[in-house]
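The sequence and structure come first.

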Amino acid sequence: MESLKNSPAIHSTLFLNASSSSQMGLQSPIFFPCSRRKITHFVIRADQTTSSHQDVTGRRQALAGGTLATCISMLSATSTSSAAETKKGFQAVTDKKDGYSFLYPFGWQEVVIQGQDKVFKDVIEPLEAVSVNMVETSKQDIRDLGSPQEVVELLIKKVLAPPTQKTKLVEAAEHDVDGKAYYTFEFIAQAPNYTRHALGTICIGNGKFYTVTTGANERRWEKMKDKLHTVIDSFKIFNV
């Protein structure tokens, strides 16, 4: 667990607020959304902050997708590359280069956020999105970093929510898929003008630490939770 706290990999990829980012030498910090707003542009970049809707989208993706972590290493399992199994109401994504696949709700749009490998979001509800992030690692298994609760609590504190937000870890658990260990988790992040209910999963393979997050405004949680669980449960990595 100490290696997670002191890892240069995690400190070089955290997306916090501007103050924390400058202190830690981070590049292009992504901020969190403060309000619900309709988005008219489907493709955006984190450095495009000249309009309010781009600012909201960029800020929001960090929490959705703030995604990221620490020192870990190649997993030598022998899973073969395959497309994510499709399900009614969802679309499949398979990244053959980076070795992962997942499902996202039909109608969400892909957007480009600097520092994120993949982001899909609802263009009307700014807190509803899924993001995938990867950092290189030398660790071999997610369990090398500590227990699910230890690793996830640090990830939430340092990566998935800015210090100004009050966070609560609802649940963290370990499960195995095709010989690979995944940590899945649920947490709540409370900002002054909104509360986000989020889900995530982290795992290691191909010399990378994968972080996937999704979520929704608390007021829409009951409506969206089944879909969001499907997104997280569908995420799989394979050898490349």
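## A helix shorter than expected

The expected span of a helix is 1.5 Å times one less than its number of residues. In this predicted model, helix α5 covers residues 148-160, and a straight helix of 13 residues would span 18 Å, whereas the end C-alpha atoms of α5 are only 15 Å apart.

Along α5, the buried residues are Pro148, Val151, Val152, Leu154, Leu155, Ile156, Val159 and Leu160. An α-helix has 3.6 residues a turn, so residues three or four places apart point the same way.

## The chain as a whole

The chain contains six helices and ten strands, and 56% of its 240 residues are buried. Of the contacts between residues at least 6 apart in sequence, 63% join residues that are at least 24 apart.

## Aromatic residues around Tyr100

A pair of aromatic rings is described by the distance of the centres and the angle of the planes. The count for this chain comes to seven aromatic pairs. In one of them, the rings of Tyr100 and Phe102 have centres 6.2 Å apart and planes at 20 degrees, so this pair is stacked, the limit for stacking being under 30 degrees. Both partners are buried, Tyr100 with a relative accessible area of 0% and Phe102 at 1%.

Tyr100 also pairs with Phe235, and here the ring centres lie 5.8 Å apart with the planes at 35 degrees, so the pair is tilted. This pair links distant parts of the chain, since Tyr100 belongs to strand β2 (residues 100-105) while Phe235 sits in the loop between α6 (221-234) and β10 (236-237), 135 residues apart. Phe235 is buried as well, with a relative accessible area of 2%. Tyr100, Phe102 and Phe235 form one aromatic cluster together with Tyr104, Phe120 and Tyr210.

## Nonpolar cores

The largest nonpolar core has 25 residues, of which Tyr100, Phe102, Val130 and Phe235 touch the most other members. Two or more residues of this core come from each of β1 (90-95), β2, β5 (129-136), β8, β9 (208-217) and α6, and α6 gives the most, with five residues. Apart from this core lies another, of 18 residues, which includes Leu155, Ala181, Tyr183 and Phe185; Leu155 is also one of the buried residues of α5.

## A buried histidine

What is the relative accessible area of His197? The value is 6%, so His197 counts as buried, and this residue is found in strand β8 (residues 194-205). The side chain of His197 makes a polar contact of 3.0 Å with that of Glu218. Leaving aside residues up to four places away in sequence, His197 touches Glu186, Phe187, Ile188, Thr214, Gly215, Ala216, Glu218 and Trp221.

Most residues other than glycine have a negative phi, and most peptide bonds are trans. Asp178 has a positive phi of about 55 degrees although it is not a glycine, and Asn206, also a residue other than glycine, has a positive phi near 55 degrees.

Asp178 lies in the loop between β6 (166-177) and β7 (180-191) and is exposed, with a relative accessible area of 61%. Asn206 is placed in the loop between β8 and β9, but this residue is buried, with a relative accessible area of 12%.

Notes:
Residues are numbered from 1 along each chain as its sequence is written. This is a predicted model: local features need pLDDT of at least 70, side-chain atom pairs count only at pLDDT 80 or more; totals for chains, interfaces and linings use all residues. Side-chain values use heavy atoms; hydrogens and water are left out. Helices (H or I, at least four residues) and strands (E, at least two) are DSSP runs, numbered from the N terminus. Buried means under 20% relative accessible area, exposed over 50%, partly exposed in between (1.4 Å probe, protein chains only). Contact means heavy atoms within 4.5 Å. A polar contact is a pair of N or O atoms within 3.5 Å; within protein, one must be able to donate a hydrogen and the other to accept it, and residues adjacent in sequence count only if both atoms are side-chain atoms. Rings of Phe, Tyr and Trp (its six-membered ring) pair if their centres lie within 6.5 Å; planes under 30 degrees apart count as stacked, over 60 as edge-to-face and the rest as tilted. A nonpolar core is a set of buried Ala, Val, Leu, Ile, Met, Phe, Trp, Tyr and Cys residues joined through side-chain atoms within 4.5 Å.
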